Amino acid sequence: MAKILVNNSGPLSGEVEISGAKNAVLPLLAATLLTEEECIIESVPALADVNVMKKMLSNYGAEVDDSIPKTVKVKAAQIVTVEGDPDLVQEMRASTMAMGPLLARCGRVVMPMPGGCTIGKRPIDLHLKGFKALGATVIEEDDKVILEAGPEGLKGDAIYLDFPSVGATENILMAATLAKGTTIIENAAKEPEIIDLANLLNKMGAKIKSAGTDMIRIEGVERLSGAFHEVIPDRIEAGTFMLAAAITRGQVHVKNGIPGHVRPIIAKLKECGVTVEVTSDGIYVDGRGDLVATDLKTLPYPGFPTDIQSPFMAFLTTVEGKSTVRETVFENRFMHVVELNRMGADITTENREAVIPGGKKLHGAKVRATDLRAGAAMVLAGLVATGTTEVSEIYHIERGYENFVGKFKALGADIMKVDED
Ligand code: UD1
């Protein structure tokens, strides 16, 4: 098992190019199952999760051609099975993104229960609520869910989501494209990745309006065709490198980052005294100067992203004064606190709130990447800690960050990946 070694690196500086978004590309690839024609997806990041998704598409019968770097061509001329592979679903929760397309196209799905990051229970009840509203029968067994559309196929309806779940919005959106009549998703998630998915689906011939608002309207169509689409840049990767500049008091130009997608991160960094400037092709972050503490609360988009909570917390440990962080999206997303405390952060938690005393001189330690973003937080902390920080379980990091170590090295970080043995 590989691990990352990171040493105190001084201020990072230079330019980093942001890759295509993990959370956008996974549903985009799943959507290619909706048509028998070829879809071409560009700016696809090289990630472990993308490999799982490509394998999953092949298992369902799609031809997947990834011979050109950053491009994936998918042609699902025939669906050979509607049963998900339990190992792939266990490896990646986003495998459940196949439910909507397969239900709409084949009228039946057998989906093993998902795994993914260990950040709470992460049920799929809202996905199932949506499919039921579209007329599907849902049978929940111990280790799988069976969905059946019935002889008439899916039928559009109004669906209210009790929480604006990203995955549920995407799954229902995909299913509704081929349903008869009109579907309205109320209290829909508004993340940029939802808009990206709707843009691909509309290029495929879907009739989706108002994606990116909390009420999405979908007129069902008979069939969808192939399309060409470029994935949006990863706003969470952009946020991670903005924080790399801030925590090391460095200067980094985050190229290709879309400022409108990272507004809450920009706002919170500015509150702390970090200089953030929007440039013609990205975001420039300068962490020099006196910095102050802040309080933040995670929320669905356009609120502060839960995926940047742990990297931001790593930064707050280094800023003078007490900060608080409240996690409202996931019920168990403070596992990185134990790891940051191993490095001397002295953070306390009560329920969903963490108190960060701040002003700490962190020291290197052996820490775990307890989830994907927590892994990034550990590396950020390691950049400013004395001595060496050893981050284990880095397969989490490789699930969602392209060329993670290489990009940090190019900014001057003293970091390397080694085999644990
Ligand atoms: C997506 C992102 C993930 C991000 C999260 C929140 C992908 C591949 N992953 O995950 O990186 O952290 O959005 O921004 O895009 N919930 C239910 N019932 C459901 C579905 C969700 O209760 O049926 C709850 C979850 O347990 C969680 C909250 O809703 O507490 C948010 O989950 P959701 O928005 O669905 O996140 P994901 O789509 O899993």
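Student: Why are α11 and α12 called roughly parallel to each other?
Tutor: In this predicted model, helix α11 (residues 335–342) and helix α12 (residues 372–384) pack at an angle of about 20° with their axes 10 Å apart. Angles under 35 degrees count as roughly parallel, over 145 as roughly antiparallel, 65 to 115 as roughly perpendicular and the rest as oblique, so α11 and α12 are roughly parallel. The axes are lines fitted to C-alpha atoms, for helices over the stretch in contact, and angles run from 0 to 180 degrees between N-to-C directions.

Student: Which residues of α11 and α12 meet?
Tutor: His336, Glu339 and Leu340 in α11 meet Ala374, Met378 and Ala381 in α12, where contact means heavy atoms within 4.5 Å. By class, this contact has 4 nonpolar, 1 polar and 1 charged residues.

Student: What makes β9 and β11 edge strands?
Tutor: The open sheet of 4 strands has the order β9-β10-β12-β11, with mixed pairing. β9 (158–160) and β11 (207–209) each have a single partner strand, so one side of each is left without a neighbour in the sheet. The twist averages 15° from one strand to the next.

Student: How do you know that β11 pairs with β12?
Tutor: Two strands pair if DSSP finds at least two bridges between them. For β11 and strand β12 (residues 215–219) there are 3 bridges, and the strands run antiparallel. Lys207 stands opposite Glu219 in β12.

Student: What joins β15 to β16?
Tutor: A hairpin joins β15 to β16 through 2 residues. Strand β15 (residues 275–279) and strand β16 (residues 282–286) run antiparallel and are joined by 5 bridges. The bridge partner of Val276 is Val285 in β16.

Student: Why is the aromatic pair of Phe241 and Phe408 called tilted?
Tutor: The structure holds 5 aromatic pairs. In the pair of Phe241 and Phe408, the distance is 4.6 Å centre to centre, with 35° between the planes. Rings of Phe, Tyr and Trp (its six-membered ring) pair if their centres lie within 6.5 Å; planes under 30 degrees apart count as stacked, over 60 as edge-to-face and the rest as tilted. The pair of Phe241 and Phe408 is therefore tilted.

Student: Which parts does this pair tie together?
Tutor: Phe241 lies in helix α8 (residues 235–247) and Phe408 in helix α14 (residues 404–410), so the pair ties together parts that are 167 residues apart in sequence.

Student: On what basis are these values computed?
Tutor: In this predicted model, local features need pLDDT of at least 70, and side-chain atom pairs count only at pLDDT 80 or more. Residues are numbered from 1 along each chain as its sequence is written, and side-chain values use heavy atoms, with hydrogens and water left out.

Note on methods: Nonpolar A, V, L, I, M, F, W, Y, C, P; charged D, E, K, R; others polar.
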